[in-house]
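Trainee: Please take a close look at one part of this model, the nonpolar core, and go through what surrounds it.

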Amino acid sequence: MSADHIVVTLDSEGNISTYPLKQWLRQHPEENPQGMHPDQNTSHQLRRAMKKQGWGLEIGADEVLIVKPDGTGDTTYADQLVEIRDEQGGETELAKDESSEVTFGLEKDMQASLRLNIDELEEGLEIIDGGAERTTEAGRIDILCKDKNNKLVVIELKAGVATNRVVAQTLAYMAAVADMEKTEARGIIVAGDFSKRVVLAASAVPNLELVLYSIKFSFESIGH
């Protein structure tokens, strides 16, 4: 069975959307590769041409994600979506989309909450990204800080279980921002849980820390 080809886009508010490739190209003819058309070319031909034009490409067992570059030419905004879909390989498309939407929402809420309470993560942390995700060659950093020793701290957030992809992302962000700022950087991954492989991998990286988060509920009666 051939893999589904899915277009991934990012709007101005940071929302990620997915569409069947050929359907999306029919609705956006200006995005068709030169000399090609979804009714005349195969999905494989279209994706190769789009990749040459700078689109990102993530090939999975049952689908291919073709990622439209954002305004800065970045396609790494889809990394979390790729990870989510990898973890949910056996689910229906509807379940994947609904779960992805919930996960992105949770991570945005996590980020907003942590920005307001950064000292609860580590005493002495100071947010230095101006309140917005810092864009680097490796992608967008959820939160960028300096610690009490003036060392850069890359904070990566994961709603749910962090996998190897999250570790690779964080290390790439650390290297990219360290190169940009010409100084050392360390990383903190905040997640609901960590796979055993992630724990083992992180143990070999002295400047990478794993932190579990938990959600606390409070209840207040407002009457009958």
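**The nonpolar core**

Mentor: The largest nonpolar core has 19 residues, and Val154, Val177, Ile189 and Leu208 have the most contacts inside it. A nonpolar core here is a set of buried Ala, Val, Leu, Ile, Met, Phe, Trp, Tyr and Cys residues joined through side-chain atoms within 4.5 Å; buried means under 20% relative accessible area, exposed over 50%, and partly exposed in between (1.4 Å probe, protein chains only). Strand S9 (152-162), helix H6 (164-181), strand S10 (185-194) and helix H7 (196-203) each give two or more residues to this core. H6 gives the most, with six residues. Helices (H or I, at least four residues) and strands (E, at least two) are DSSP runs, numbered from the N terminus.

The model is predicted: local features need pLDDT of at least 70 and side-chain atom pairs count only at pLDDT 80 or more, while totals for chains, interfaces and linings use all residues. Residues are numbered from 1 along each chain as its sequence is written, and side-chain values use heavy atoms, with hydrogens and water left out.

Leaving aside neighbours within four places in sequence, Ile189 is in contact (heavy atoms within 4.5 Å) with residues including Val166, Val167, Phe194 and Leu208. Apart from this core lies another, of 13 residues, among them Leu114, Val153, Ile155 and Ala159.

Glutamate 181 is partly exposed, at 38% relative accessibility.
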